[in-house]
Amino acid sequence: MAGEQSTADPVNPLREERDQRLPRIAGPCSVVIFGVTGDLSRKKLMPAIYDLVNRGLLPPAFALVGFARREYSDEDFAQIVLESVKAHARTEFRQEVWDQLSEGIRFVQGTFEDDAAFSQLATTLKQLDHDRGTGGNHAFYLSIPPNAFPVVLQQLSRTGLAAAVEPEPGQAKPWRRVVIEKPFGHDLKSAQELNALVNRTFPEETVFRIDHYLGKETVQNLLALRFANELFQPIWNSNYVDHVQITMAEDIGLGGRAGYYDGIGAARDVIQNHLLQLLALTTMEDPVSFQPKQLQIEKIKVFSALKLVEPLDETTARGQYTEGWQGSEHVVGLLDEEGFDPQSRTETYAAITLNVDTRRWAGVPFYLRTGKRLGRRVTEIAIMFKRAPHLPFDQVMTEELGQNALVIRVQPDEGITLRFGSKVPGSSMEVRDVNMDFSYGASFTESSPEAYERLILDVLLGEPSLFPVNEEVELSWRILDPVLEHWAAEGKPDPYESGTWGPKSADEMLARTGREWRRP
């Protein structure tokens, strides 16, 4: 009736489900880390969990459980976590935050083959449900070698830990999730076997494959750059883009990592996951929404359309670093690193050429490269535009003018650079490249969270947007396998001096088409 007041409860607009201004906070839960004494856990996972608690994104009803063969008590393990937090956490240390987190820290001692240890783990989690109110919600983080997956998954299945129990009447159903670190297999066949193995214990919607590059703020900003701005959409295609270079360069060598890296190599370690994912986000069409399923659909379309450019002798390159100078330090070559076979054919540099066979990208080559002991540490996506079809200038006026470029800097100096030509002040018409630069550090007062903070929180929220699914993993191996097979049958990697930007064959790879690598 007109004039009558509604009897409905008033709505707080800040609490609407559509409103994204308030951060989402995980519900009651625990995280169990297998391989908790390793570098990844100490330097990334435990500090990230503390930072999430410090930012108020994990609830008081949270628990952290470590599983390893060391004979630690709960207090010993808590001290290990504390040392990791103080050494590697991004946010400031606050005693009251640590006191809250430490109350939920537990440790279970045992090997992966130890039935009694997993039974003890089940007892510990049940006790945490009672003492900490974790509600039967548990995430299992497998920070372990892939060859240990089968036994751990079998133990989780045997003890009933993989399957959530039925809830009490009126209660929400608890969840169980598993987190897997790369590598996701070493070729297509092994990836398919691994996926089948995992899915026998955990349904695909409960599997979270970590690619930490997808958690980086700059990678997510790529989606904002593309789909929130009309400015770039009309030129984001083969009519204007000449080629795209995606680079992940490291200035470190492999000292001490021979056991992990020998036999894997740069292509398996980086191109199959990190760089192909960056390519997919760069080239995908507009998703209907940013719901996980819609993002996955668009990425899978890209992977399905990817084609290797042949002949592979001319469109791929690989190398091994030799001794040289990394800055002011003289460093040894790969084959002189401790633990490496002097006859090793494992590549530390890899570059491949791909086409995206769609209407938008037909004819645009995508050059992916990665390497150790290169000139500097940098990850970037460089969109290189075609030159203007008509330059009404004398040659001398534009001899210092290069190609327009849009460069998304993923790390370490996160931001975006736009390169274009501008007139040099003076009486003559001289045109030279200039840069328009956006830097995260200079533009926002809030520092970017670590990738693992975002990814761990998404696991606990059940948000799979940033995690590759089975089909993405298998399609990416289908793309890379022919390159690996070709390299295995043909010769060995080309040498390149430490501190340079890769082997000569990589420069020749682009020179054949009249292009050259961008110097980051």
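**Before starting.** I number residues from 1 along each chain as its sequence is written, and I leave hydrogens and water out, so that side-chain values use heavy atoms. Since the model is predicted, local features need pLDDT of at least 70 and side-chain atom pairs count only at pLDDT 80 or more, while totals for chains, interfaces and linings use all residues.

Buried is taken as under 20% relative accessible area, exposed as over 50%, and partly exposed as in between, with a 1.4 Å probe and protein chains only. This core holds 147 residues, and Phe34, Leu121, Leu354, Leu368 and Leu460 touch the most other members. Helix H9, residues 265-283, gives the most to this core, with 10 residues; helices (H or I, at least four residues) and strands (E, at least two) are DSSP runs numbered from the N terminus. I then followed Leu368, leaving aside residues up to four places away in sequence, and noted its contacts, among them Ile246, Ile271, Leu275 and Ala350; contact means heavy atoms within 4.5 Å.

I searched the whole structure and found 20 salt bridges, each a side-chain nitrogen of Lys or Arg within 4 Å of a carboxyl oxygen of Asp or Glu. Arg132 pairs with Glu103, with the closest N and O atoms 3.4 Å apart. This pair links distant parts of the chain, 29 residues apart, since Arg132 sits in the loop between helix H4 and strand E4, and Glu103 in the loop between helix H3 and strand E3. Arg132 counts as buried, at 15% relative accessibility. I also noted Arg419 and Asp433, whose side chains meet at 3.9 Å, N to O, and which lie in strands E16 and E17 respectively. Asp433, at 23% relative accessibility, counts as partly exposed.

I checked the length of H6, residues 188-201: at 1.5 Å a residue its 14 residues should span 20 Å, and its end C-alpha atoms are 21 Å apart, which agrees. The expected span is 1.5 Å times one less than the number of residues. Buried residues in H6 include Leu188, Ala191, Leu194 and Val198, and the buried residues of this helix pack against helix H5, strands E5 and E6, and helix H14. Asp187 caps the N-terminal end of H6, with a side-chain oxygen 3.4 Å from the backbone nitrogen of Lys189.

Key:
A nonpolar core is a set of buried Ala, Val, Leu, Ile, Met, Phe, Trp, Tyr and Cys residues joined through side-chain atoms within 4.5 Å. A polar contact is a pair of N or O atoms within 3.5 Å; within protein, one must be able to donate a hydrogen and the other to accept it, and residues adjacent in sequence count only if both atoms are side-chain atoms.
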